[in-house]
Amino acid sequence: MTNETRREFLKKTALLLGAGATGTALNTAGCAPSTAPLLRAQVTDSVLRFDTAIPELALSGDGVALVSDYLEYPILLIRRTDGTFSAISAECTHLGCIVKKQKLVLRCPCHGSAYDFEGTVLNGPTEVPLHQFRAKQTGTIVEIRL
Ligand code: FES
């Protein structure tokens, strides 16, 4: 799938899923179900802002997949044990499939690469970590510069 085709597919998928509705699982064709609800985030001046005061992010290890018209791939926002958040691109670094958040790992449904919640590779075939965004947190608001 070319980059342009994949981009269009992702945009259509996000629209079809009605991104913005809480609790909607990201479940693209041929992919394993994700435990991360798909949620729409606001982007202004290249900064994504998201209020983390939601039940889906209440506990350590909880995560959501954030989408926006400005994103080619969802960003996985995952609560760490210390209450801060990791923000990781869902683009698998092997061949670009969308990784899925499972209970303890991020796993790519295409060829099985696995990553921890910081994007570090646990299992190949990829050898490259997921792209991690810097997430600035002020109270319950997380800001990610894109
Ligand atoms: S595209 Fe993810 S493991 Fe191949």
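This is a predicted model: local features need pLDDT of at least 70, side-chain atom pairs count only at pLDDT 80 or more; totals for chains, interfaces and linings use all residues.

Colleague: What makes D45 exposed or buried?

Modeller: D45 has 6 C-beta neighbours inside 10 Å. The cut-off for exposed is 12 or fewer, so D45 counts as exposed.

Colleague: Which sheet do they belong to?

Modeller: An open sheet of four strands, in the order β3-β4-β14-β13, with antiparallel pairing.

Colleague: Why are β3 and β13 called edge strands?

Modeller: Each of them has a single partner strand, so one side of each is left without a neighbour in the sheet. From one strand to the next, the twist in this sheet averages 25°.

Colleague: How do you know that β13 and β14 pair?

Modeller: Four bridges join β13 (residues 135–138) to β14. Since pairing asks for at least two, they qualify, and they run antiparallel. One facing couple is T138 and I141, the latter in β14. The hairpin of these strands has two residues between them, and G139 takes a positive phi near 65° there.

Colleague: Which strands make up the other open sheet of four, with β8 in it?

Modeller: The order is β8-β9-β10-β11, again with antiparallel pairing. Here β8 (100–101) and β11 (121–123) are at the edges, because each has a single partner strand and one side is left without a neighbour in the sheet.

Colleague: What makes β9 and β10 a pair?

Modeller: Two bridges join β9 (residues 106–107) to β10. The requirement is at least two, so that is enough for a pair, and the strands run antiparallel. R107 stands opposite A114 in β10.

Colleague: Why is R40 called partly exposed?

Modeller: R40 has 18 other C-beta atoms within 10 Å. Buried needs 20 or more and exposed needs 12 or fewer, so R40 falls in between and is partly exposed. R40 is part of strand β2 (residues 37–40). Its C-alpha is 4.9 Å from that of V67, although R40 and V67 are 27 residues apart in sequence.

Colleague: Which residues have the most contacts inside the largest nonpolar core?

Modeller: That core has 34 residues, and those with the most contacts inside it are A65, L66, I75, L76, L77, A87 and V99. The elements that give it two or more residues are β2, β4, β5 (63–67), β6 (75–79), β7 (85–89) and β14 (141–145). As for A87, its contacts beyond neighbours within four places in sequence include I75, L77, F133 and I144.

Colleague: Where is the cis peptide bond?

Modeller: It joins G124 and P125, with omega about 20°. P125 lies in the loop between β11 and β12 (132–133). Most peptide bonds are trans.

Colleague: Which elements have the lowest and the highest mean pLDDT?

Modeller: Strand β1 (residues 24–25) has the lowest, 36, and strand β10 (residues 114–115) the highest, 98. Over residues 5–33 the pLDDT is below 50, and that stretch has 39 contacts in the model beyond near neighbours in sequence. The protein as a whole averages 83, with 77% of the residues at 70 or above.

Colleague: And how many helices and strands are there?

Modeller: One helix and 14 strands. Of the 146 residues, 33% are buried.

Conventions
Residues are numbered from 1 along each chain as its sequence is written. pLDDT is the predictor's confidence in each residue, from 0 to 100. Two residues are in contact if their C-beta atoms, placed from the backbone, lie within 7 Å. A nonpolar core is a set of buried Ala, Val, Leu, Ile, Met, Phe, Trp, Tyr and Cys residues joined through C-beta atoms within 7 Å. Axes are lines fitted to C-alpha atoms, for helices over the stretch in contact, and angles run from 0 to 180 degrees between N-to-C directions.
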